[in-house]
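Please read it with the model open.

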Amino acid sequence: SPMSTNAYFSVATSFSLSTPTTASLPLFLGVNVERMANGDIKLTQPHLIKQIVDELKLPLRSAGRSTPANSTKILQREEHAPPFDQRFNYRRAVGQLNFLEKSTRPDIA
């Protein structure tokens with residue numbers, strides 16, 4: 001079974017992040033661990049983000065949004081929109097985004 005984020009955090013922080021033996025740990029688990037100057041630990045998943053961007057066929061420099069969507073708005077189907085063209089696997093993309101949000105990016109929730 002996959003290692004949970006908490007278990008990974010425990011393993012990663014029990015080692016010195018600069019030792020050669022832990023160099024492959026982030027690569028193996030797909031999570032980069034960086035100790036910041038103030039003592040904080042920064043977790044990133046650049047490979048997963050690239051997979052999502054590739055899956056959705058987004059330009060690499062897409063513009064971000066500074067304000068999240070209104071969480072109380074009920075989404076509705078656009079009646080006059082063309083049907084989904086199946087150019088990407090919708091379930092896979094949503095699953096990847098959900099995993100990314102739960103593991104290292106709560107800011108995209």
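The points below go from the whole chain to its parts.

1. The model is predicted. Its chain has four helices and two strands, and read from the N terminus these elements follow the order α-α-β-β-α-α.

2. Burial and surface. The chain has 109 residues, of which 19% count as buried. Taking contacts between residues at least 6 apart in sequence, 42% join residues at least 24 apart.

3. The hairpin. Strand 1 (residues 32-35) and strand 2 (residues 41-44) run antiparallel and are joined by four bridges. Asn-32 stands opposite Thr-44 of strand 2. Five residues lie between the strands, and in this hairpin Gly-39 has a positive phi near 95°.

4. The nonpolar core. Which residues make up the largest nonpolar core? There are six: Leu-48, Ile-52, Leu-56, Phe-88, Ala-93 and Leu-100. Helix 3 (46-56) and helix 4 each supply at least two of the core residues. The most come from helix 3, which gives three. Leaving aside residues up to four places away in sequence, Leu-48 touches Gln-96, Phe-99 and Leu-100.

5. Helix 4. This helix covers residues 90-103, 14 residues in total, and spans 20 Å from its first C-alpha to its last, close to the 20 Å expected at 1.5 Å a residue. At its start, a side-chain oxygen of Asn-89 comes to within 3.2 Å of the backbone nitrogen of Arg-91. Buried residues in helix 4 are Ala-93, Gln-96, Leu-100, Glu-101 and Ser-103. As background to such spacing, an α-helix has 3.6 residues a turn, so residues three or four places apart point the same way.

6. Glu-55. This residue lies in helix 3. Is Glu-55 buried or exposed? Its relative accessible area is 17%, and the cut-off for buried is under 20%, so Glu-55 counts as buried. What does the side chain of Glu-55 make a polar contact with? The partner is the side chain of Arg-92, at 3.3 Å. Again without residues up to four places away in sequence, Glu-55 touches Phe-88, Asn-89, Arg-92, Ala-93 and Gln-96.

Notes. Residues are numbered from 1 along each chain as its sequence is written. This is a predicted model: local features need pLDDT of at least 70, side-chain atom pairs count only at pLDDT 80 or more; totals for chains, interfaces and linings use all residues. Side-chain values use heavy atoms; hydrogens and water are left out. The expected span of a helix is 1.5 Å times one less than its number of residues. Buried means under 20% relative accessible area, exposed over 50%, partly exposed in between (1.4 Å probe, protein chains only). A polar contact is a pair of N or O atoms within 3.5 Å; within protein, one must be able to donate a hydrogen and the other to accept it, and residues adjacent in sequence count only if both atoms are side-chain atoms. Contact means heavy atoms within 4.5 Å. Two strands pair if DSSP finds at least two bridges between them. A nonpolar core is a set of buried Ala, Val, Leu, Ile, Met, Phe, Trp, Tyr and Cys residues joined through side-chain atoms within 4.5 Å.
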